[in-house]
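Have a go at each one before you read its solution.

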Amino acid sequence: MPSESKLSIVGIGPGNPGCMTLRARRAIGDADFVVGYRTYLDLIPSLLKDKKVFPGRMGGEVERARLAVELLDEGSVALISSGDPNVYGMASIAIEVALSAVDPSRIEVVPGVTAFSAAACRAGVVFRESLAVVSLSDLLTPWDEIRRRIWLAASMGMPLALYNPRSYRRDWQLCEALEMLKDSGRGGDEAIIARNVSRDGESIRRSTVDETLLDAGGIDMLTLLIIGGVQGDVSGGGISIAGVGPGSVENLTYEVVDTVSSATLVLGAEMHLECIKDIIDGEMFVGTGSREERQVQRLERAMRELQNGGSPVITVGGDPSIFSAAGRYVGLERPLRMLPGVSAFSAAAARAGAPISNDFVLLSGPVSPDRLSSLVDAGFSVFLYNAGGDDIRSISDSLPESRPCAVARDLTRQNEIFVVCTSSELGDMKLDGSRYTVVVSGPGSRIRDGMIVASRGYERKYCV
């Protein structure tokens, strides 16, 4: 096996080439071989010229992972996932297979824009405090476990993103999930039904939980449902709210690069503008005063720029739909459009390896130990945003002993912090300041060669 060959597990985004990151394109370009599910490879034909391509079948995840590792004997490999590799993608099985033969320094996970954040941005949905992401497919996870997670998230009032809602053979789980939401008093919650997000034939329609129960027609495996969240009007045009990812320019999507580079005015926090200043041709504006005052000033300045015929862009860290300043702008009856980006949880998960065993929860700010413990006990992987050092130390005792965790801040920026540790070690960490993202990995996970590996449950169907 050539010592210089590399395995890149690449998230190509939800479909549209504009939602792919610069880093993903580079990883594919640097590879000698490209391995992936045929449907996903069909989304990137222009990147496969002069490549040796190995298309796979649905259900052949383990087969593709093994092939990718075998091909490292001859050169570098890009193993393709749609969306983000850690969100029901190839990260877990690929790392599990690869670590039996490959030094971890030769494995990289390239994060991508997830389908739920792309759908949320298209529909103008923002999540302010929490989000539960659940797959309704019981192929790899027993239905009783899925039911427990849905009920817990619903009873806690969390918005939900539901993947894999309905297939030809599996046509009853969606109705049962919606019934649970109704029984928890959330029948009137708004529902976004997004199909083929960022691909040909995209459709996004608004409904409610009750209405969807009465008419689930057209919902299939290409559909994603978002229940709850704060919804606004993003009918297009006007001010662009651009997710600039975790820091480095290479984690920007092509859509964001094109929009920012052609903007007449780019507004945002100084730390965000500093990371992308090399692609900005227009004027930059930060604002003064408190955080809230600066956000108000940016919107007012952007509106003036728009009225004067300019093209303003307000930048936010990570993805606009996830705990960002976009929540202040959506719903203000201003013409907006939201451009998705690589989120902090995607970047942290990729850096850790494969910490998401299956379903997961995103939380913002301090969280009670009891709430965190309930979510972890239900089998969720958990990402805690905007945590301070005291918050991190306080949650140690509420987690299963020696559960693999990671702590990240300012990934891909100067002075970044990233640590893989066990839950018991969180209590002893000496961390100053705030803005940390804490990763609590899923059940069955372990730390191996400095990486977190959490099985997605393939052993239920395959011999891994």
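**Exercise 1.** Find the loop that holds asparagine 415, then decide: is asparagine 415 buried or exposed?

*Solution.* Start with the place: in this predicted model, asparagine 415 sits in the loop that links strand E21 (404–409) to strand E22 (417–422). Next, look at the backbone: its phi is positive, about 65 degrees, although asparagine 415 is not a glycine. That's worth a second look, since most residues other than glycine have a negative phi. Last step: exposed means over 50% relative accessible area, and asparagine 415 has 67% relative accessibility, so it counts as exposed.

**Exercise 2.** Work out how helix H3 and helix H4 pack: what is the angle, and which residues make the contact?

*Solution.* First the geometry: H3 (residues 61–71) and H4 (residues 91–98) pack at about 45 degrees, and their axes are 9 Å apart. That angle makes H3 oblique to H4. The crossing of H3 past H4 is right-handed. Then the contact: H3 brings Glu61, Val62, Ala65, Arg66 and Val69, while H4 brings Ile93, Ala94, Val97 and Ala98. Sort these residues and you get 7 nonpolar, 2 charged and no polar.

How values were computed
Residues numbered from 1 in each chain as written. Predicted model: local features only at pLDDT ≥ 70, side-chain atom pairs only at ≥ 80, totals over all residues. Heavy atoms only, no water. Axes fitted to C-alpha atoms, helices over the stretch in contact; angles between N-to-C directions. Helix = DSSP H or I, 4+ residues; strand = E, 2+ residues; numbered from the N terminus. Parallel < 35°, antiparallel > 145°, perpendicular 65-115°, else oblique. Left-handed = near helix turned anticlockwise from the far one by under 90°. Contact = heavy atoms within 4.5 Å. Nonpolar A, V, L, I, M, F, W, Y, C, P; charged D, E, K, R; others polar. Buried < 20%, exposed > 50% of the residue type's maximum accessible area, 1.4 Å probe, protein only.
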